[in-house]
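Please look at the sequence and the 3D structure together before reading on. The briefing below is meant to be read with both in view.

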Amino acid sequence: MEQKKLRAGIVGATGMVGQRFITLLDDHPYFEVTALAASARSAGKTYAEAVDGRWKMQAEMPANIADMVVMDASKIDEIKELVDFVFCAVDMKKEEIRALEEAYAKAEIPVVSNNSAHRMTPDVPMVIPEINEDHLAIIEDQKKRLGTKRGFIAVKPNCSIQSYVPPLSALLKYEPTEIVVTTYQAISGAGKTFKEWPEMIDNVIPYIGGEEEKSEQEPLKIWGTIENGEIVKAKEPVITAQCIRVPVSDGHTAAVFVKFKNKPTKEEILECWKNYKGSPQELKLPHAPEQFITYFEEDNRPQAKLDRDIYGGMGVTVGRLREDTVYDYKFVGLHHNTLRGAAGGAVLIAELLCKKGYFD
């Protein structure tokens, strides 16, 4: 018997990440898009009218979505009638996002968020499904706080950390103590294309607001433990980060230096990367990459243009692993920032939540 699809809403449907959600959910085996919501100025228009001249995806807009009327994201009671859960990718002030997502959850609508507003809320799981699926257990504590039976919030982490957290997570048994990372981040991370941001052509900007703090702190929550109804951040490793905007359309690259308490051999590291997987691979979730981490032997890989789309943009690629003169090892990581790093990562979380019964 064919499984009945869950009804998914997209809150913040007109922005770049919202558009990416639309392309990823087109003909999805578990979910169908039944509501699109955005700000009051887009509400009442068809989706095609609301994003006229602003459709940024290479894939064409699905015909069934083009004619769908956009709803006002603040009218939760109206949206509630049409959805089983929502994806959230709104462009608002952090405190406004926090309030909006909690309002959806309190209306008994589970929220899978692409936003940063609740990433550091102690009882909100911030999940990379292959790495810290166990943090979903905190949802029961969160529901008690919110007073809900079914409503909750789960978030995906910052896009930039997904080029280095997976390869480091595979090596946690060797106890990394110090990490230095520099990320080279694509312009789509700012929701822009070169047409809209000509200043980025032939340019590098050595600052992305708020990004370095997230890059240093979010991995510690992912590697943290649940204690007394809260996720407590890991104390080690110590991470220092620099985040740089580079003239690349899609794909965040990271240069990583790492020191271990128990230094592994190069062969042991490569073996860990090759064998690292989680529930998405075991359950064969629709957006799970067959191989989570792929290592390239070539000196000039991974490259954003060549490698960001591996496994539909959901895989992480690594290269240039070698011993270092100051740290134990250094390597380069890469992932597709709007697929694995944003909407795709959130869709994978939703697929896992669905399979594990959290939407029931």
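What follows describes a sheet, its strands, and the pockets and cavity of the model.

This is a predicted model, in which local features need pLDDT of at least 70 and side-chain atom pairs count only at pLDDT 80 or more, while totals for chains, interfaces and linings use all residues. Residues are numbered from 1 along each chain as its sequence is written, and side-chain values use heavy atoms, with hydrogens and water left out. Helices (H or I, at least four residues) and strands (E, at least two residues) are DSSP runs numbered from the N terminus, and two strands are said to pair if DSSP finds at least two bridges between them.

**The sheet**

- Six strands form an open sheet with mixed pairing, and their order is E10-E7-E11-E14-E13-E12.
- The edges of this sheet are strand E10 (238-245) and strand E12 (293-296), each of which pairs on one side only.
- From one strand to the next the twist averages 20 degrees, where axes are lines fitted to C-alpha atoms (for helices over the stretch in contact) and angles run from 0 to 180 degrees between N-to-C directions.
- Helix H8 (residues 211-222) lies across strand E7 (176-185) and E10, and runs at about 140 degrees to E10; contact here means heavy atoms within 4.5 Å.

**Strand E11 and the pairings**

- Strand E11 (residues 252-260) is largely enclosed by the rest of the structure, because seven of its nine residues are buried, a word that means under 20% relative accessible area with a 1.4 Å probe and protein chains only.
- E11 pairs with E7 in the antiparallel sense over eight bridges, and Thr-183 has Ala-254 in E11 as its bridge partner.
- E11 also pairs with E14 in the antiparallel sense, over seven bridges, and here Thr-253 has Leu-334 in E14 as its bridge partner.
- Strand E14 (residues 329-335) pairs in the antiparallel sense with strand E13 (residues 316-323) over five bridges, where the bridge partner of Arg-322 is Lys-330 in E14.

**The pockets**

- On a 1 Å grid over the protein atoms alone, a pocket is an open set of points with protein on both sides within 12 Å along at least five of seven lines, a cavity is a set of points where a 1.4 Å probe fits but cannot get out, and lining residues have an atom within 4 Å of a point.
- The largest pocket holds about 1400 Å³ of space, and of the 50 residues that line it, Val-17, Ala-89, Val-90, Asp-91 and Asn-115 are the closest to its centre.
- Helix H1 (16-25), helix H5 (94-106), H8 and helix H13 (339-355) are the elements that give two or more residues to the lining of the largest pocket.
- The second largest pocket holds about 360 Å³ and is lined by 18 residues, with Arg-20, Lys-56, Gln-58, Asp-250 and His-336 nearest its centre.
- H1 gives the largest share of the lining of the second largest pocket, three residues.

**The cavity**

- The largest cavity has a volume of about 40 Å³, a volume being the space filled by probe spheres set on grid points that are joined across faces, edges and corners.
- Met-16, Val-17, Arg-20, Met-57, Thr-338, Ala-342 and Ala-343 line the largest cavity, and H1 and H13 are the elements that give two or more residues to this lining.

Key: Buried < 20%, exposed > 50% of the residue type's maximum accessible area, 1.4 Å probe, protein only.
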